[in-house]
Amino acid sequence: MPNWDEQTDIVVIGSGLAGLAAAIEARETGASVVVLEKMALTGGNTRISDGGLAAPGNFLQKRMGIADSPELFREDMMKAGMGLNHPELVTVVAEKAAAVIDWTREALGVQYLQRLDRFGGHSAARSLTTRSHSGVDIIKAQEKKLRGLGVKIRTRCLLTALITDNRGAVRGVEFQPGYRFPKKTDAPKKTLRAVRAVVLATGGFGRDVEFRRLQNPSLNESIGSTNHRGATSEGLAAALRIGAAPIHLSWIQTGPWACADEAGYGKGSRFASYSVYPTGILVDPATGRRIVNEWADRRIRSEAIIRTERACVGIVDAEGARQDSRSLEPCLKNGKVKGFEKLAELADAYGMPAGELIRTVEEYNRRITQGGTDEFGKPLHQDPRPLSEPPFYAIRLWPKVHYTSGGVGINSRAQVLNLTGRPVPNLFAAGEVCGGIHGASRLGSCALIECLVFGRIAGQEAAVSPHT
Ligand SMILES: Cc1cc2nc3c(=O)[nH]c(=O)nc-3n(C[C@H](O)[C@H](O)[C@H](O)COP(=O)(O)OP(=O)(O)OC[C@H]3O[C@@H](n4cnc5c(N)ncnc54)[C@H](O)[C@@H]3O)c2cc1C
């Protein structure tokens with residue numbers, strides 16, 4: 001073992017939702033906790049997220065009388081994940097989701113909008129949204145809580161290695177203080193002993209083009225990403241180097257609502273996610289025809305767009321656009337969304353055959369109002385609305401890398417597993433750095449909830465990890 005520079009009971013790596021949830025839980029047991037974060041800013045992808053959290057049986061569903069259950073939620077996740085999901089992990093998320101929402105309200109003071117969304121692949125309206133429509137609400141609340149508990153988050157500290165003993169048990173970490181992302185330097189490193197355990201919560205690798213290309217060569221630099229700059233693979237790699245099991249690394253999710261005409265997540269993604277897909281249609285500009293069930297899960301929708309080999313056009317009417325009017329205005333201002341009084345004008349603007357587009361919309365409306373089946377399997381009986389109230393709004397959509405479903409294997413106690421499926425002693429993980437929960441495709445609003453559920457478990461378990 002090295003001559004340790006510092007020591008603490010528990011080291012948490014990463015200051016996103018999962019890491020901070022773990023830090024709070026661990027600290028509340030009385031353990032000393034250090035959080036290391038490589039970026040200058042805390043919060044990772046959580047900070048820029050939309051703050052949507054799916055939870056069956058949540059307080060708002062109860063108030064609104066919406067029937068739902070952990071079993072139904074679990075089925076939805078497993079279906080989207082094509083059964084690759086590790087069922088015991090999905091069960092944990094489904095069963096603890098509503099309680100963890102209560103925890104955010106009661107212990108952290110997080111507030112939610114009085115609305116529930118039903119995203120693609122979910123069988124019920126079960127997704128809550130934080131008051132400012134961003135994950136930053138929860139990050140701020142967690143940071144406040146940690147300040148009260150006397151835990152400091154040390155930014156610009158890059159985890160460079162997990163240090164193990166000759167049994168393979170994790171004893172601490174090596175890190176580089178004063179780190180300036182993304183520079184690689186030989187600046188001196190320090191060692192920090194973790195008397196009890198290390199919690200890895202370093203998020204996904206959506207912005208790590210080299211690493212994601214290794215997993216899926218088609219996701220090269222020409223494909224954009226919605227993620228924060230620091231969504232890279234060093235934390236995951238550190239765990240793989242000491243023998244953690246890699247799970248589902250090549251299942252990398254692209255967001256079908258990403259706007260083709262702006263970088264990163266931008267403003268258009270939210271409009272498409274909250275207005276276009278729930279209330280509108282997606283059309284191939286070359287044919288003027290729909291291409292997919294707009295309520296299908298993300299993988300199915302993204303693949304349908306990619307098959308056309310061109311950006312497709314999402315269309316909503318005025319009533320649909322009011323679904324998320326807060327995102328319409330900035331999108332109209334920056335020109336990513338355009339409004340038209342007539343469908344023929346919209347078709348002209350996007351180079352579509354106008355007659356075909358008008359026929360597509362008429363046929364779609366007719367089936368909704370008169371009853372009928374949909375060629376893409378959209379459940380028309382569940383009340384999608386016809387597109388009839390001008391102006392009609394349109395946005396060009398082309399998928400971007402959004403979420404990495406794969407990562408280190410964990411069990412339902414958040415213990416990191418090795419290549420033979422046994423726990424790596426003293427190493428826990430939570431959040432997007434883990435693999436196995438979502439399988440082939442993560443449903444919208446299922447990541448933040450999972451980070452909270454497993455972040456808390458990781459912190460609780462790490463705190464009682466035996467001194468060895
Ligand atoms: C634009 C956008 C919108 C989204 N909206 C939603 C939504 O509404 N609902 C939902 O459920 N999901 C959403 N997601 C997904 C969700 O935000 C993420 O999956 C989740 O926030 C991941 O949390 P985390 O704690 O695992 O990682 P993060 O929040 O990314 O935090 C990980 C932290 O670890 C740090 N780190 C990484 N490597 C190291 C290292 N080597 N040393 C030290 N620190 C390191 C990172 O810098 C980062 O701060 C969205 C994602 C994006 C990009």
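Two strands pair if DSSP finds at least two bridges between them. Helices (H or I, at least four residues) and strands (E, at least two) are DSSP runs, numbered from the N terminus.

## Ground rules

This is a predicted model, so to speak of a local feature takes pLDDT of at least 70 and to count a side-chain atom pair takes pLDDT 80 or more, while totals for chains, interfaces and linings use all residues. Residues are numbered from 1 along each chain, as its sequence is written.

Where the domains touch, nine residues of domain 1 are in contact with nine residues of domain 2. Being in contact means that the C-beta atoms of two residues, placed from the backbone, lie within 7 Å. On the domain 1 side, the touching residues divide into four nonpolar, four polar and one charged. Here Ala, Val, Leu, Ile, Met, Phe, Trp, Tyr, Cys and Pro count as nonpolar, Asp, Glu, Lys and Arg as charged, and the others, Gly among them, as polar.

## Around the ligand

Which residues come nearest to the ligand? Of the 42 residues around it, they are Gly14, Gly16, Gly44, Gly203 and Gly431. A residue is near a molecule if its C-beta atom, placed from the backbone, lies within 6 Å of it.

The shell divides into 17 nonpolar, 20 polar and five charged residues. Helix H1 (17–28), helix H2 (44–48), strand E6 (157–164), helix H8 (234–241) and helix H15 (447–463) each supply at least two residues. H2 gives the most, with four.

## Helix H6

Helix H6 (residues 136–148) has 13 residues and reaches 18 Å from its first C-alpha to its last, close to the 18 Å expected at 1.5 Å a residue. The expected span is 1.5 Å times one less than the number of residues.

Its buried residues are Asp137, Ile138, Ile139, Ala141, Gln142 and Glu143. A residue is buried if 20 or more other C-beta atoms lie within 10 Å of its own, exposed if 12 or fewer, and partly exposed in between, with C-beta atoms placed from the backbone. The buried residues of H6 pack against H1, H2 and helix H5 (87–106). After H6 comes Gly150, which has a positive phi, near 80°.

## Strand E19 and its partners

Strand E19 (residues 423–429) is largely enclosed by the rest of the structure, because five of its seven residues are buried. E8 runs parallel to E19, joined by three bridges, and Val198 stands opposite Leu427 in E19.

Strand E18 (residues 415–417) pairs with E19 in the antiparallel sense over two bridges. Here Gln415 stands opposite Phe428 in E19. E18 and E19 form a hairpin with five residues between them, and Gly421 in the turn has a positive phi of about 80°.

## A five-strand sheet

Now for an open sheet of five strands, in the order E12-E11-E13-E15-E14, with antiparallel pairing. Its edge strands are strand E12 (289–290) and strand E14 (337–340), each pairing on one side only. Strands of a sheet pair through backbone hydrogen bonds, either parallel or antiparallel. Four bridges join E14 to E15, which run antiparallel. The bridge partner of Val337 in E15 is Ile395.

Most residues other than glycine have a negative phi, and most peptide bonds are trans. A few spots here go the other way. Glu309 has a positive phi of about 65° though it is not a glycine, and it is found in the loop between helix H10 (298–308) and strand E13 (312–316). Ser445 also has a positive phi, near 70°, and its place is in the loop between strand E20 (434–435) and H15.

Are these two residues buried or exposed? Glu309 is exposed, with 8 other C-beta atoms within 10 Å, whereas Ser445 counts as buried, with 23 C-beta neighbours inside 10 Å.

The peptide bond from Phe181 to Pro182 is cis, with omega near 0°; Pro182 is found in the loop between strand E7 (170–177) and strand E8 (190–200). A cis peptide bond also joins Pro390 and Pro391, with omega about 0°. Pro391 is found in the loop between helix H14 (354–370) and strand E15 (392–397).
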